[in-house]
Amino acid sequence: MRERYTTEHVEAWRRDGALVIPRFFDADEVAAVAADFREVFGQETGADQALQRAPGGSASFSPAQFKTIDSIPFACSSALNLIGLHPALVAFARARLETDDVHLYQCQAWAKYTGAADYEQPFHCDFLNHTLTVPDDDDRQNSVTIICYFTDATEALGPTHYVVRPDSDRVLGQGAASAGDRPAVADLDTLLAPFDRSTAAPAGSIFAYGIDVYHRGSNLTAPRGHRYTVTACFKRAGDEAIGFTAWPVSLTKPWGRIFEHATPDQLACLGVPRPGHPFWTATTIARNQARHPGWDAAPYREALERRAG
Ligand SMILES: O=C(O)CCC(=O)C(=O)O
Ligand SMILES: [Fe+2]
C-alpha cells in the first residue's frame, strides 16, 4: 500500500497546527465518494452566478452556508459512510495524537453550490463549538480536524483559507488563538489577512488543522460550481472535554450501512467496544447481531471463545 503521509507531515502539523496533504485519497476512492454525494444530495450543479455580499459588508456565518451538511451515516454505499474512518486517516490521527485509541467525534458530508449561499466566513477557530473551554496547552490533548476534498478545490470553488500557528502567534501574541473570542481582537481579519494561505488542492487532498488554528470558509464563484467535502474530527478516546456528535442520538439513521462494512477497528473509533472487551458476552453479541443483521460478529465471538477457553 502506498504511503499517504510521512513523518514530515506529522511534524509540519505539530509545528504549524495545519497542513495540506495533496492527493491523500486515490482517484477511485474520490470517484466512489463523489458518486455517493450525488446520490445523497441529489444536486450537482450550482447556479450560474455566485451569491456575494453587498459592498462594504463583512464576511459572516449564515444558516444558508450550512443547509447542505449532514453527519454519517447516509443511505448510500460504504464509500462515503466510511471515508472518514479510512485506515490511513485513522493512522494519521493516531500518529498526531500519539495514541492508539482515537475517537471519531465528528464526521459530516458538506455539499456547497455556487449561488446557494455566500460561503465567505471571517477567520475563526473551531474550538468554540468543539469544547466548552479552550484548547489544551498540550496539543496531543486537542484534536485532529480534517477537511477532505472530493472535488477539485480551485480558488473559485471555495477552498478553506488558514493561517499557520506561528504566524497567528506572531501577530496576535502567543496563545491568542486560544483566546479566540473575536470581540477581544476587533480587527482580526485585517491583522491576519497578510498571512492568509489557501488550501486550494486537487480532489482527494486533505486539510488537517487544529481546533486552535485560524481559518475561514471561502465563497464559490465558479459558474455552476460545486464542492464536496467530508469533515472528520478525531480526539483521544475518553476525552470528555472535546465533543460534537453523540452518535447514538441519530438512531433512525441507517447505521446498518456502517455495521455491515466497518472493521472492528473502525467501529472502535465510534465507541463500539473491541473484540475481547468484557462488554461482549454471548448475550450482547446476539442482541447486537439482531439489531444490525449485516454485522460480522465473528471476530467478537472468536475473542469471547478465546477468553473462555
Ligand atoms: O468549509 C470550509 O471551508 C470551512 C468551514 C468552517 O471553517 C466552519 O464552518 O467552521
Ligand atoms: Fe471552521
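Guide: A residue counts as buried when its relative accessible area is under 20%, as exposed when that area is over 50%, and as partly exposed in between, with a 1.4 Å probe and protein chains only. Accessible areas come from the Shrake-Rupley method with a 1.4 Å probe, and for residues only the protein chains shown count as cover. Here, D167 has a relative accessibility of 9%, so D167 counts as buried.

Visitor: What kind of model is this, and how are its parts labelled?

Guide: This is a predicted model, in which local features need pLDDT of at least 70 and side-chain atom pairs count only at pLDDT 80 or more, while totals for chains, interfaces and linings use all residues. Residues are numbered from 1 along each chain as its sequence is written, chains are lettered from A and ligands numbered from 1 in the order in which they are written, and side-chain values use heavy atoms, with hydrogens and water left out.

Visitor: With which residue does D167 form a salt bridge?

Guide: A salt bridge is a side-chain nitrogen of Lys or Arg within 4 Å of a carboxyl oxygen of Asp or Glu. D167 forms one with R197, and the closest N and O atoms are 3.6 Å apart. Helices (H or I, at least four residues) and strands (E, at least two) are DSSP runs, numbered from the N terminus. D167 belongs to helix α5 (residues 165-172) and R197 to strand β6 (residues 197-198), so the pair ties together parts that are 30 residues apart in sequence. R197 is partly exposed, at 38%.

Visitor: How many salt bridges does the structure hold?

Guide: The structure holds 21. One of them joins R4 to D26, with the closest N and O atoms 3.5 Å apart. R4 lies in the segment before α1 (7-16), and D26 in the loop between β1 (18-21) and α2 (27-41), so this pair ties together parts 22 residues apart in sequence. R4 is buried, at 10%, whereas D26 is partly exposed, at 26%.

Visitor: Which residues are linked in a network of salt bridges?

Guide: The network links E11, R14, E98, D138 and R140. Within it, the side chains of E98 and R140 meet at 3.3 Å, N to O. This pair links distant parts of the chain, 42 residues apart: E98 is in the loop between α4 (87-97) and β3 (102-113), and R140 is in the loop between β3 and β4 (143-149). E98 is partly exposed, at 40%, and R140 is partly exposed too, at 32%.

Visitor: Which residues are around ligand 1?

Guide: A residue is near a molecule if one of its heavy atoms lies within 4 Å of it. The residues around ligand 1 include F66, W110, H124, D126 and H215. A polar contact is a pair of N or O atoms within 3.5 Å; within protein, one must be able to donate a hydrogen and the other to accept it, and residues adjacent in sequence count only if both atoms are side-chain atoms. A polar side-chain atom of K112 lies 2.9 Å from an oxygen atom of ligand 1, and one of R227 lies 2.7 Å from an oxygen atom of ligand 1. Taken alone, ligand 1 exposes 290 Å², of which the protein buries 90%.
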